[in-house]
Amino acid sequence: MAERPPGEALVDIRRRLPLLLPRDPGRVEIVTRAADAYGVSIWTLYRALRELNHPKSVRRADHGTSRIAPQSEMETYAEIITVLKIRTANRKGRHISTARAIKLLEEDGLVRAPPGLLKRVTIDRLLRVYGLDYTRVTRPVAARSFPGAARQRTLAVRYESVRSETGRKAALGRGRLRPPAADAVLRGR
């Protein structure tokens, strides 16, 4: 018995089935004849038809997770290496390399990693994924306003504009300030 009918046969069956109504006995007959012809069960043929238009993932099912150690353990190692990089940084921003931090972690760390377990490429990728890479960790925090600050800014701008407008009108009344139109007339425009 074959595991699955060929792809072109599945495409042909898929093309013929929509021409018939859902409960038409002709559909069952088409599927039964095709299953007998290719030596598979009816259910295998239906499963193959169902999977026909589903793209197969290019990546592994466990993409993004490390296979060398549990994720919590890898997070711990990544955090320790990030702390090592931050603590060894000088004023110019130079810091210890990932390879050297791994070596320190394997040799004399409080939390020791088994020798050969951690690779530089894997740790660098995990640092980026967890947001623990040196550039992101040492970047200054963006200034954030508290909720409602936008409303207060709007009210402050309105207050200032009202205040300046009333001051302008008062100055005009006292003759200290000329309106812009008066300046244009005086200049001869």
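Let me start with Thr-135, which sits in helix 7, residues 134–138. Helices here are DSSP runs of H or I with at least four residues, strands are runs of E with at least two, and both are numbered from the N terminus. This is a predicted model, where local features need pLDDT of at least 70, side-chain atom pairs count only at pLDDT 80 or more, and totals for chains, interfaces and linings use all residues. Residues are numbered from 1 along each chain as its sequence is written, and side-chain values use heavy atoms, with hydrogens and water left out.

Thr-135 has a relative accessible area of 52%, so it counts as exposed. The cut-offs are under 20% for buried, over 50% for exposed and partly exposed in between, with a 1.4 Å probe and protein chains only. From the C-alpha atom of Thr-135 to that of Gly-93, 42 residues apart along the chain, the separation is 9.7 Å.

Next, helix 3, residues 42–51. Its buried residues are Thr-44, Leu-45, Ala-48 and Leu-49. Down the helix axis they fall within an arc of 140°, so they line one face of helix 3; the arc is taken over the directions from the axis to the C-beta atoms. Trp-43 and Arg-50 are exposed, on the face turned away from that buried side. Helix 1 (7–16) and helix 2 (25–38) are included in what covers the buried residues.

Now the whole chain. The protein has nine helices and zero strands. Of its 189 residues, 21% count as buried. Among contacts, meaning heavy atoms within 4.5 Å, with a separation of 6 or more, 50% are between residues 24 or more positions apart.
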